[in-house]
Amino acid sequence: MAIFYHEQEGLFHLQSRDMSYVIQLAHGYPAHAYWGKRLSEQGNLSGLIQHVERCSFIPNSVPEDNSISLDTLPQEYPQYGTGDFRTPAYQVQLNDGTRVTELKYVTHRIIKGKQSLEGLPAVYAEDGDEVQTLELELSDNNSGLTVVLSYTMFETFNAIARSVKFINRGKEACRLLKALSASVDFQDADFEWLCLHGSWVRERHIERRAIGHGGTSAASRRGSSSHQMNPFIALLRPNTDEDQGDVYGFSLVYSGNFEAEAQVDQFDTTRVSIGINGFDFSWLLLPGESFQTPEAVMVYSSEGLGGMSRTYHKLYRTRLCRGIHRDRERPILVNNWEATYFDFNAEKVEAIATSAAELGIELFVLDDGWFGKRDDDTSSLGDWMVDQNKLPKGLADLADRVIRQGLQFGLWFEPEMISPDSDLYRKHPDWCLHAPERRRTEARKQLVLDMSRQDVRDYLFERLSGILTAAPITYIKWDMNRNMTEIGSVLASAERQSETAHRYILGLYELLERLTERFPEILFESCSGGGGRFDPGMLYYMPQTWTSDDTDAVERLKIQYGTSLVYPISTMGAHVSAVPNHQVGRVTPLKTRGDVAMSGNLGYELDLTVFTEEEKAVVRQQVSIYKDIRSLVQQGDLYRLRSPFEGSRNETAWMFVSEDRREALVFYFQVLAIPNAPLKRLALKGLNPEWTYCIEDLEILYRGDRLMQAGLHLPLFHHDYVSQCWKVKVV
């Protein structure tokens, strides 16, 4: 891993173990020369960019060289207004109202290690020797605007972490209208686009299609990263699959409004950009002030989607997630939500905990309804005081009851919300996001607290800290059950109202930093109606996320498969729930529900007290098995074998392989039974072809090459919604 500077050519070569990224200065403009498989530093890297004079409708940016036009030059951080008509990475409005700036190279720095981003989550280095960072300083001479482009290269990952810092070194204020985190100009358009789309209870479904002229985009304007689009896209070469082909991944470490776009121009070049959504965004920069963009993590893989995923998984699991829980096995939990909803008391909770303890479950989580006068979802958000009618002896007593059964105690919060029917709202009606004299749009009978306000954050920190110190709580589920409307803050001036959505996210991050620093022993899980804010930004503070409110085993195959394209298995909460399923009404076997949930962080979300002895035996076995395999599931390498989005969509399969390749776990799922079905085999991945492996239960020995080339025989299933699991160990 190294960053080389060739002064004579004005060329920067960023090199990791298997990847190169090349930037070359063209008359002061940072130009994108190459991104892909590792290039030799000893070779001739100049001449990667071809300069050709075009027609009169292509403006010439350099009078003495008609072959240089910003409209054709592949750039690192393009601007609008000086000759490039493609999508810009940034736009600035100067004090005189004009929007023309021109950034040119001033200097650069090559730094050992990686600096943190002020107020923002980002990947990090534990050892300064594992990363190097290039900072390119650019300046617009007329306005005094300085922009620093940051590129961090990791030694053992084919990944680049990019961000941008704007500094106003001029004498007058200016306004950022757009400030993306990364932009890459590819020399051709021979790509397919991949994104993760969906809705509530149908998150992160994979969509793949060819890109064409014009723009292809994914975005959120909901105030959060959203159920509808995840802040990730990838470009793939045609015919790329799980195991082969070039993939370029773009993931934004941010939890608010975002945009990502691939634009194909008239010459079949492709510009990809990602960052904060420029819609309804601006930021006033006074002289001397700066603005930091979120970080974009770009991953290159020559080994298909699987290679890209494993890079993101290990990087995010070990260099984005933080704290003592990062490397710990996650506890098996039971959550009372689908068992009781709002209707519970201490005795009911204790009974569920008693049943859970008998089955080997380790953590009980009390969900919504324990505070204020919360008998349904119409009141009390913001009133973080225990409901004495349900829990007359308080949370400490309830926690003690649970702990006496041998379980840990966890709690649900929804801190970012406020109910109009609450004591807090009656006292502070201006604490929510709102516009003066406008309707305050409710969703789920709640409004959104203005997290850009320090007094709101201080109130929440005090209230939540009081709860967390009053009872022995080891786990928090942090929920957020609506998107933003009427995005305005009573404390913001007129010229800063369009900063509110981003300041909200910055305020949320600040509060999470304070809480996780004060309570490092607590395992925090993020949630937003399930997976509405499953993004890298939240993982920096909370190392796992409730993957979806949809707990149906069949739907979870697609949700968990799609999520795994970017996010580590250790971050995915997966629960067994009751049947008929509460979201789709489907009845699936308890074994299948368990196998799907064991492919993430296992939990249960149902009333264990009504289980039959047969059902208890199944759960007891699932819990026992998961305790044996969870380190492999949560920390192993994931290989996807069959996709629920391809072919007949009737099969899904994946496997987890230990880092030393001595152990593996294979899961296979079939949705619907097929009469007189054909015989099938399942080829495995990730094993050592020269080693001999034992398939437990079958008591058969196979060499690794046989398992990966010829595969395992699949049994004939005679029922719908079936699953099979195999343990594989080296002999």
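Predicted model: local features only at pLDDT ≥ 70, side-chain atom pairs only at ≥ 80, totals over all residues.

Reader: Understood. Which residues have the most contacts inside the largest nonpolar core?
Author: They are Trp-35, Phe-166, Leu-366 and Trp-370, and the core they belong to has 184 residues.

Reader: What is Trp-370 in contact with, leaving aside its neighbours within four places in sequence?
Author: Its contacts include the aromatic residues Phe-344, Trp-384, Trp-412 and Phe-413. Also among them are Met-385, Val-386, Asp-387, Leu-391, Leu-395, Leu-411 and Ile-467.

Reader: And which residues does the second, separate core include?
Author: The second core has 23 residues, including Met-655, Tyr-668, Leu-682 and Trp-726. As a general point, nonpolar side chains in soluble globular proteins tend to be buried together.

Reader: Let us turn to helices. At what angle do the axes of α6 and α7 cross?
Author: Helix α6 covers residues 454-470 and helix α7 covers residues 500-518; their axes cross at roughly 25° and come within 10 Å. An angle under 35 degrees counts as roughly parallel, and α6 and α7 are therefore roughly parallel to each other. The crossing in which α6 passes α7 is right-handed.

Reader: Which residues meet there?
Author: From α6 there are Gln-454, Arg-457, Asp-458, Leu-460, Phe-461, Leu-464, Ser-465 and Thr-469. On the α7 side they meet Gly-507, Glu-510, Leu-511, Arg-514, Leu-515 and Arg-518. By class, the contact of α6 with α7 has five nonpolar, four polar and five charged residues.

Reader: What about α3 and α4: how do their axes cross?
Author: The axes of α3 and helix α4 (residues 394-404) cross at roughly 20° and come within 9 Å. These two helices are therefore roughly parallel to each other, and α3 passes α4 in a right-handed crossing. On the α3 side, the contact is made by Ala-346, Glu-347, Val-349, Glu-350 and Ala-353, while α4 provides Leu-398, Arg-401 and Val-402. That contact divides into five nonpolar, no polar and three charged residues.

Reader: I clicked on Glu-358. Where is it found?
Author: Glu-358 is in helix α3, which covers residues 346-358. Its relative accessibility is 47%, so it counts as partly exposed. Not counting residues up to four places away in sequence, Glu-358 touches Lys-616 and Arg-620. The C-alpha atoms of Glu-358 and Gln-405 are separated by 8.8 Å, although the two residues are 47 apart along the chain.

Reader: Now α10. Why is it described as largely enclosed by the rest of the structure?
Author: Helix α10 (residues 590-597) is largely enclosed because seven of its eight residues are buried. Those buried residues are Leu-590, Thr-592, Arg-593, Gly-594, Asp-595, Val-596 and Ala-597.

Reader: What covers them?
Author: The cover includes two helices, α9 (553-563) and α11 (613-635). It also includes the strands β29 (572-577), β30 (601-605), β33 (663-670) and β38 (722-730).

Reader: How do α9 and α10 pack?
Author: They pack at an angle of about 15°, with their axes 10 Å apart. They are therefore roughly parallel to each other, and their crossing is left-handed. Ala-553, Arg-556, Leu-557 and Gln-560 in α9 meet Thr-592, Arg-593 and Val-596 in α10. The residues of this contact divide into three nonpolar, two polar and two charged.

Reader: You mentioned β33. Is Gln-670 in that strand buried or exposed?
Author: Gln-670, which lies in strand β33, is buried, with a relative accessible area of 8%. Leaving aside neighbours within four places in sequence, Gln-670 is in contact with Asn-650, Phe-717, Tyr-721 and Val-722.

Reader: Finally, the backbone. Which residues does a cis peptide bond join?
Author: The bond joins Val-579 and Pro-580, with omega at about -5°. Pro-580 is in the loop between β29 and α10.

Reader: And which residue has a positive phi of about 50° although it is not a glycine?
Author: That is Asn-676, in the loop between β33 and β34 (681-682). Asn-676 counts as exposed, at 81% relative accessibility. Arg-444 also has a positive phi, of about 55°, without being a glycine. Arg-444 lies in the loop between α5 (423-427) and β25 (447-448) and, at 28% relative accessibility, counts as partly exposed.

Notes: Residues numbered from 1 in each chain as written. Heavy atoms only, no water. Axes fitted to C-alpha atoms, helices over the stretch in contact; angles between N-to-C directions. Helix = DSSP H or I, 4+ residues; strand = E, 2+ residues; numbered from the N terminus. Parallel < 35°, antiparallel > 145°, perpendicular 65-115°, else oblique. Left-handed = near helix turned anticlockwise from the far one by under 90°. Contact = heavy atoms within 4.5 Å. Nonpolar A, V, L, I, M, F, W, Y, C, P; charged D, E, K, R; others polar. Core = buried A, V, L, I, M, F, W, Y, C linked by side-chain atoms within 4.5 Å. Buried < 20%, exposed > 50% of the residue type's maximum accessible area, 1.4 Å probe, protein only.
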